[in-house]
Amino acid sequence: MVVPVGMAPAVKPPAQPNVHLQLWGRFDEPIDFVTRNGAPKMVYVAEKAGRVIRADANGRHRTRILDIRSKVINEGEQGLLSIAWDPSGTHLYVHYSRRPDGDTQVSRFDVRANGSLGAEHSVLRVHQPASN
């Protein structure tokens, strides 16, 4: 291709993507959305108040798998802040602002054979001198 100096070759614009948006579900202050190895058709949504909901990929079948609202301060920037599965999909880690002092808490919950979550195991706690 020969292009005269000072002229750019004609560039075909990219094709417009075919995007379809669909209401997937309603949640109370969702703050995180993750998947889990071993459960490719399920998603997990964390709500700031302290709940984690498991839903199928269509959002039709939803189950609350964790409710730690009694342990979480949900004010301003505080609350359940993030969740993550370990690579094996057998441990759920949660990061939240701990009641009553607002300290940062990271805990692990093990998955039982029936798919429910076991007891909370503290992994890390950091004192927070301010609420933000």
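Which residue forms a salt bridge with Asp-103? Select Arg-125: the closest N and O atoms of the two are 3.1 Å apart. (A salt bridge here is a side-chain nitrogen of Lys or Arg within 4 Å of a carboxyl oxygen of Asp or Glu.) The pair links distant parts of the chain, with Asp-103 in the loop between strand 6 (91-97) and strand 7, and Arg-125 in strand 8, 22 residues apart. Strands, like helices, are DSSP runs numbered from the N terminus (E, at least two residues, for strands; H or I, at least four, for helices).

Before going on, some housekeeping. This is a predicted model, where local features need pLDDT of at least 70 and side-chain atom pairs count only at pLDDT 80 or more, while totals for chains, interfaces and linings use all residues. Residues are numbered from 1 along each chain as its sequence is written, and side-chain values use heavy atoms, leaving out hydrogens and water.

Now color by accessibility. Asp-103 counts as buried because its relative accessibility is 1%, whereas Arg-125, at 47%, counts as partly exposed. (Buried means under 20% relative accessible area, exposed over 50%, partly exposed in between, with a 1.4 Å probe and protein chains only.)

Asp-101 is partly exposed, because its relative accessibility is 32%. Salt bridges that share partners join Arg-98, Asp-101, Asp-103 and Arg-125 into one network.

Next, show strand 7 (104-111) and strand 8 (117-126) as cartoon. They pair in the antiparallel sense over 7 bridges; pairing takes at least two DSSP bridges between two strands. Pick Ser-107 and you'll find Ser-122 of strand 8 opposite. The hairpin has 5 residues between these strands, and one to click on is Gly-115, with a positive phi near 95 degrees.

Now jump to the open sheet of 4 strands, ordered 1-2-3-4 with antiparallel pairing. Its edges are strand 1 (30-36) and strand 4 (62-67), each pairing on one side only. Twist averages 25 degrees from one strand to the next, using axes fitted to C-alpha atoms and angles from 0 to 180 degrees between N-to-C directions. Strand 3 (51-56) is joined to strand 4 by 5 bridges, and Val-52 stands opposite Leu-66 there.

Last stop: Arg-51 and Glu-47. Their side chains form a salt bridge at 2.7 Å, N to O, and both residues are buried.
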